[in-house]
Amino acid sequence: MRRPGADDPAQRPVRVFVVDDHAVVRRGLRSYLAVVDDMEVVGEAADGQEALEGIAALVAAGRPPDVALMDLLMPGMDGVTATAAITQRHPEMEVVAMTSFAEADLVHDALTAGAAGYLLKDAEADEVAAAIRAACRGGVHLAPAIAKQLTRSLVAPRPQTVDSLTGREREVLVLVARGLSNQQIADSLVISERTARTHVSNILGKLEVASRTQAALLAIREGIAPAPPAS
């Protein structure tokens with residue numbers, strides 16, 4: 001887990017901040033997450049600027065959110081801009097983008113800005129929880145319905161491809177694409193967590209991508225990892 005805080009993150013619920021310009025969506029997410037034992041909504045906002053201010057206030061109060069559920073298309077500061085600002089100002093915090101199928105191009109921009117994954121707005125409740133948990137442990141969650149579309153366009157052809165990776169790095173990349181955290185990768189390959197973290201860092205550098213999610217999409221596009229199954 002990568003959750004921060006003065007208290008032990010393993011002993012408290014995941015703190016979620018909901019950002020969406022539709023009040024009914026925020027209420028729906030609040031209602032669902034209220035009955036999930038390991039999660040709590042600590043704040044909400046109707047646009048990116050309001051989100052930045054709310055998150056800053058929670059950080060100052062010693063209750064920093066762990067994950068933001070971020071709508072991408074909002075008036076004022078949009079979700080892509082807000083995602084970039086959050087990942088820059090609060091690198092310990094993760095962002096999961098929420099989008100409709102028609103906004104897939106915005107997901108490309110959000111992942112480039114540092115989002116840990118994305119959900120379709122019509123996702124089932126348990127998928128929302130799964131995406132939050134994956135982001136919180138440093139993993140990847142990709143909505144199956146548009147993962148295939150994004151793998152074709154998210155990572156443009158580059159001088160460095162998966163061919164530049166060592167055999168061990170390819171093994172690690174496959175596990176990253178499956179959404180495993182560094183500790184889970186270490187356990188699977190019987191290596192230390194530090195070694196797993198180093199492999200992941202080397203992979204991102206060689207593939208010239210900014211996040212685990214982009215690396216996962218490249219792995220799927222290159223055919224060394226399977227696309228997420230349809231729900």
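This note goes through the predicted model point by point, from the whole chain to single elements.

1. Basis of the note. The model is a predicted one, in which local features need pLDDT of at least 70 and side-chain atom pairs count only at pLDDT 80 or more, while totals for chains, interfaces and linings use all residues. Residues are numbered from 1 along each chain as its sequence is written, and side-chain values use heavy atoms, with hydrogens and water left out.

2. The chain as a whole. The chain holds 10 helices and six strands, where helices (H or I, at least four residues) and strands (E, at least two) are DSSP runs numbered from the N terminus. Of its 231 residues, 50% count as buried, buried being under 20% relative accessible area, exposed over 50% and partly exposed in between, with a 1.4 Å probe and protein chains only. Among contacts (heavy atoms within 4.5 Å) with a separation of 6 or more, 70% are accounted for by residues 24 or more positions apart.

3. The sheet. The six strands of an open sheet follow the order β2-β1-β3-β4-β5-β6 with parallel pairing, two strands being paired if DSSP finds at least two bridges between them. Strands β2 (39-45) and β6 (141-142) stand at the edges with a single partner strand each, so one side of each is left without a neighbour in the sheet. Helix α2 (residues 48-60) packs on this sheet, where it touches β1 (14-19) and β2, and its direction makes about 155 degrees with that of β1; such angles run from 0 to 180 degrees between N-to-C directions, and axes are lines fitted to C-alpha atoms, for helices over the stretch in contact.

4. Strand pairing. Strands β1 and β3 run parallel and are joined by four bridges, and valine 16 has valine 67 in β3 as its bridge partner. On to the next strand, β3 pairs with β4 (residues 94-99) in the parallel sense over five bridges, with valine 95 in β4 as the bridge partner of alanine 68. Strand β5 (residues 117-120) pairs with β6 in the parallel sense over two bridges, and here glycine 117 stands opposite histidine 141 in β6.

5. Strand β3. Five of the five residues of β3 (residues 67-71) are buried. Val67, Leu69 and Asp71 point one way from the strand, whereas Ala68 and Met70 point the other way, and all are buried. In a regular strand the side chains alternate between the two faces of the sheet.

6. Helix α2. The 13 residues of α2 reach 18 Å from the first C-alpha to the last, close to the 18 Å expected at 1.5 Å a residue, the expected span being 1.5 Å times one less than the number of residues. Its buried residues are Gly48, Ala51, Leu52, Ile55 and Leu58. They cover an arc of only 130 degrees around the axis, which puts them on the same side of α2; the arc is that of the directions from the helix axis to the C-beta atoms. What covers these residues includes β1, β2 and α3 (79-89).

7. Helix α9. In α9 (residues 193-207), the end C-alpha atoms are 21 Å apart, which agrees with the 21 Å that its 15 residues should span. Ala196, His199, Val200, Ile203, Leu204 and Leu207 are buried. Seen down the axis, the buried residues of α9 fall within an arc of 135 degrees, so they line one face of the helix, while Arg194 and Gly205 on the other side are exposed. The cover over the buried residues of α9 includes α7 (167-177), α8 (182-189) and α10. Just after α9, glutamate 208 takes a positive phi of about 60 degrees.

8. Crossing helices. Helices α1 (residues 23-33) and α5 (residues 125-136) have axes that come within 11 Å and cross at roughly 80 degrees. The two are therefore roughly perpendicular to each other, a class that takes angles of 65 to 115 degrees, with under 35 counted as roughly parallel, over 145 as roughly antiparallel and the rest as oblique. The pair α7 and α10 packs at about 105 degrees with axes 8 Å apart, and is therefore roughly perpendicular too. Leu173, Val176 and Ala177 in α7 meet Arg212, Ala215, Ala216 and Ala219 in α10.

9. Alanine 216. This residue of α10 (residues 212-222) is buried, with a relative accessible area of 0%. Leaving aside residues up to four places away in sequence, alanine 216 touches Val140, Val176 and Ala177.
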